[in-house]
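Reader: Please show me the structure. I have some questions about how its parts pack.

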Amino acid sequence: MRFMMLMLPGGELQETGDWGPPPAEAVGEMTKYNEELTNAGVLLALDGLQPPSKGARVSFAGGTKKVTDGPFAEAKEIVGGYWLIDVKSKDEAVEWASRCPGGEGDVVEVRQVFEMSDFPEDVQAAAELSEEPPEQTQAR
Amino acid sequence: MASDAVGGSIDAVWRIESPRLIAGLARLTGDVGVAEDLAQDALVAALEKWPQSGVPDNPGAWLMATAKHRAIDLFRRNERLARKQEELAHDVGLALAMDGADLDAALDDEIGDDLLALIFTCCHPVLSTDSRVTLTLRMLGGLTTEEIARSFLTAEPTIAQRIVRAKRTLGATRVPFEVPSGEELAERLPSVLGVVYLIFNEGYAATAGDDWMRPGLTDEALRLGRILAALAPDEPEVHGLLALMEIQASRMRARTDAVGNPVLLLDQDRSRWDPLLIRRGLAELDRAQQLGGGLGPYALQAAIAACHARARVADDTDWATIAALYDALAQLSPSPVVELNRAVAVSMAFGPAAGLELVDQLVGEPSLERYHLLPSVCGDLLAKLGRHDEARAEFERAASLTQNARERALLLERAAVSGGSG
């Protein structure tokens, strides 16, 4: 089963919503952690995100869309990066999250990814409706 | 509830740490069987201790230190291994004196080699294929005897006995705990890759209906493949195998219809293919190609799978490249089944007459005599050429050979259609 580990940076980063590339020491530790995930055969994908100050939010309310440029004053939690891992249980995902070299105040949130089989049949059927019909072919 | 939570954590720690633990202990003792027993002892100790004390900060180091203490006890009772004792006592002293993290760093360099040696030992040619698969799932996958038994629809005592016998064989034949090098590496790598691919296929071939009985064998194989790719990054076929598995696994959701019937590759709804796994597979194939030295059998199969993965719709498939890849595969590992696939690819690329020419050469091949796909492909090509009477005979012959009722009905239907228009 797939889990996403979301890094929610704490401390100053959380307050300012602004950050540059992390310092060499932090990168070194994180690289080692990422290698451990790779060597254990569980890592599917990962990315570090640029700060909210360089991002934007599109919000939907009352039938209209509103674009707000970062940083976002009202945001309580901001995502700094993620790992997508493939493990056997939630416990295993939590164990991996607890090995992350997190800084003071950092939070790693562990969230399981929905599989198609998690949805009821009518939802699966609705998902199929939105897809292109498969090309017909006589070939084996 | 609290102890349940710790129980789950211990399972998770075991899954993550046990391969490294067993590998490190095998390096110390020179015996994989002894190493696994020691690791199990450490697990039992953790199950007793951790519910009260909580999971230690560095559970891997805790397990290793505990297992080494057991090893010393064992060695004291075992004269044959007496020489190792002093060395080990020193090591444990060192472990206890050092902070866990430093110990980890000190061991980091060796641990990769140890893990690789463990994989090669579990897949050693002195063992039967069944034993290789079982030991690999047990030692590298951290699966319990019960989980392995469930996966292979085998009784638990059978698996337990297989493990005991395999460990005894490794001990008795004095298989050295090491990563083979040079020519021996080239000789033994196919066995390792074969075991991983066999595990993959065991899960992949299971129909949706009994999937629940095979708890993620494909996932297990993918994980092993990814570990191998990290441990042996210079071996092109390791990346080739991983590429093949990633791309095949990407089609998992599209392989069966709503009622669980299989859907042929060209009829699959490609929007259900997993783009992440395709991307990973194509990247692994790139790595295999960049390493040079020509593509091996796994990389060639991955390259064929990649041709399908790259085609947005079935009609876009690059059949000429696929035909060329099958040609290369046929030269590397000749087999009538590969030839038959090549014939299909050639017919798709260059027309049914070209394909039929190749298929005709396979008629009379003893290993394909009872293989229903030969007359089935033959019938398909004949029908496309408008030779309906001959096509009908081939479809009827194919129907009489298949074991699958649904397929038989389909073939008889095609036979009937051919007769009507012929």
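Reader: At roughly what angle do the axes of helix α14 and helix α15 of chain B cross?

Author: This is a predicted model, where local features need pLDDT of at least 70, side-chain atom pairs count only at pLDDT 80 or more, and totals for chains, interfaces and linings use all residues. Residues are numbered from 1 along each chain as written, with chains lettered from A and ligands numbered from 1 in written order. Helices (DSSP H or I runs of at least four residues) and strands (E, at least two) are numbered from the N terminus. The axes of α14(B) (319-332) and α15(B) (336-350) come within 8 Å, and they cross at roughly 160°.

Reader: Why is α14(B) roughly antiparallel to α15(B)?

Author: Axes are lines fitted to C-alpha atoms, for helices over the stretch in contact, and angles run from 0 to 180 degrees between N-to-C directions. Angles over 145 degrees count as roughly antiparallel. The axes cross at roughly 160°, which makes the pair roughly antiparallel.

Reader: Which element of chain B gives the most residues to the side that touches chain A?

Author: Residues are in contact if their C-beta atoms, placed from the backbone, lie within 7 Å. By that rule, 28 residues of chain B contact 21 of chain A. Elements giving two or more residues include α10(B) and α17(B). The most, seven residues, come from α1(B).

Reader: In β6(A), what is the bridge partner of A:Met4?

Author: β1(A) (2-8) and β6(A) run antiparallel, joined by six bridges. Strands pair if DSSP finds at least two bridges between them. The partner of A:Met4 in β6(A) is A:Arg111.

Terms used. Angles under 35 degrees count as roughly parallel, over 145 as roughly antiparallel, 65 to 115 as roughly perpendicular and the rest as oblique. Two residues are in contact if their C-beta atoms, placed from the backbone, lie within 7 Å.
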